[in-house]
Amino acid sequence: MSLFVHSLTALDASYWCAERGLMGASWQVDIELEGELGEDGMLIDFGNIKPWIKQYIDATVDHTLIVPTQMPGLRVNECVEGLCIDASLPWRMEVRAPRQAFTLLPWSTIEPHRLGEWISEQLMKRPPANVTAIKVTLREEPIREGYGYGYSHGLKRHQGNCQRIAHGHRSRLGIWRDGELDDELIQHWSERLANIYLADREDLVGSEHDDTLRFAYQASQGHFRITLPKEKVIVMPTATTVEQIAQWLANEIALAEDGRIRVQAFEGIGKGAIAEGKR
């Protein structure tokens, strides 16, 4: 007997890619459970499935930087902060953070189907009674090409896992001019924000004009540092919450475009913020 739950939860994270660098990702989590029926005629109560799997994902891979430790040009070392991830392909990045900010996997690439299999294996180490097999599938939200963006960031004032300096999201983007959806603006800003790191100017160490930018902060989970090429970063004048991202983006567009600008910026799947542009 099998049970399934579609869109049980969402997984938001960043991962390192040898071809594209730091990638923000958001996946819907679908599950299938196999096993024998209990005396109550059920395999497992649906009310028990979501908290069990969601709690595991939230406590492990969610809001981490997923690192393929066997990728060429990548080194993992211990450091004062916890772990140091140093990557050279396709460009140089260094992240220093507490251990729980990373998911280290002994692979050369990060692929959603393989990550789903790995989560399945971890869950099966302590399965509920009657459950003999678990299949986790990670599924991207369908987003029309040129109408979404992926970003990574960290929020030092957040008391949860959003404080981790290199976690991210894959998100839809909507931009309206005078009440009409503007395809040209959406595609332009989706391209500009593709695989970008969004940083708070307050966290900058050194000059914003340097070719390499460094950001650091102390948060409740520990000390965090990240070093990136300038062209891979947008420095915002505020914290990089989705509310501030939407407002910053609306303001930037309003300064350059005529008309009334409205932005809908998502943070991952199904949630986000709306802002009106201000000159």
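1. Asn195 is partly exposed, with a relative accessible area of 22%. Its phi is positive, at about 55 degrees, although Asn195 is not a glycine. You will find Asn195 in the loop between α3 (183-192) and β12. Please keep in mind throughout that this is a predicted model.

2. Asn130 sits in the loop between α2 and β8, and its relative accessible area of 36% makes it partly exposed. As background, most residues other than glycine have a negative phi, and most peptide bonds are trans.

3. On the subject of peptide bonds, the one that joins Leu89 and Pro90 is cis, with omega about 0 degrees. Pro90 belongs to the loop between β5 (82-87) and β6 (93-97).

4. Now to the pockets, where Asn195 comes up again. The largest pocket has a volume of about 350 Å³. Its lining counts 20 residues, and those nearest the centre are Arg20, Met23, Gly150, Arg170 and Asn195. The biggest share comes from β2, with four residues. By class, the lining of the largest pocket is made up of nine nonpolar, six polar and five charged residues.

5. The structure holds one cavity of 30 Å³ or more, and the volume of the largest cavity is about 40 Å³. Around the largest cavity are Gly154, Tyr197, Leu198, Ala199, Asp200, Asp203, Phe215, Tyr217 and Thr240. At least two of the lining residues come from each of β12 (196-200) and β14 (212-219), with β12 giving the most, four residues. Five of the lining residues are nonpolar, two are polar and two are charged.

6. What about the nonpolar interior? The largest nonpolar core has 31 residues, and the members that touch the most others are Leu11, Ile31, Ile49, Ile66, Leu115 and Ile119. At least two residues of this core come from each of β1 (2-17), β2, α1 (46-59), α2 (112-123) and β8 (131-139). The strand β1 contributes the most, seven residues. Apart from this core lies another, of 29 residues, including Met93, Ala97, Phe215 and Val235. Phe215 is also one of the residues that line the largest cavity. In soluble globular proteins, nonpolar side chains tend to be buried together.

7. Leaving aside residues up to four places away in sequence, Leu11 touches Ala25, Ser26, Trp27, Val29, Ile57, Val61, Asp62, Ile119 and Leu138. Among these contacts, Ile119 is also listed with Leu11 as a core member that touches the most others.

8. Finally, the cysteines. How many disulfides does the structure have? The count comes to zero. For Cys84, the closest cysteine sulfur is that of Cys79, and the 5.3 Å between the two sulfurs is too far for a bond, since a disulfide needs the sulfur atoms within 2.5 Å. Is Cys84 buried or exposed? Cys84 is buried, with a relative accessible area of 7%. Cys162 also counts as buried, because its relative accessibility is 13% and the cut-off is under 20%.

Terms used
Residues numbered from 1 in each chain as written. Predicted model: local features only at pLDDT ≥ 70, side-chain atom pairs only at ≥ 80, totals over all residues. Heavy atoms only, no water. 1 Å grid on protein atoms, 1.4 Å probe; cavity = no way out; pocket = protein on both sides within 12 Å on 5 of 7 lines; lining within 4 Å. Points joined across faces, edges and corners; volume = space filled by probe spheres on them. Nonpolar A, V, L, I, M, F, W, Y, C, P; charged D, E, K, R; others polar. Core = buried A, V, L, I, M, F, W, Y, C linked by side-chain atoms within 4.5 Å. Buried < 20%, exposed > 50% of the residue type's maximum accessible area, 1.4 Å probe, protein only. Contact = heavy atoms within 4.5 Å.
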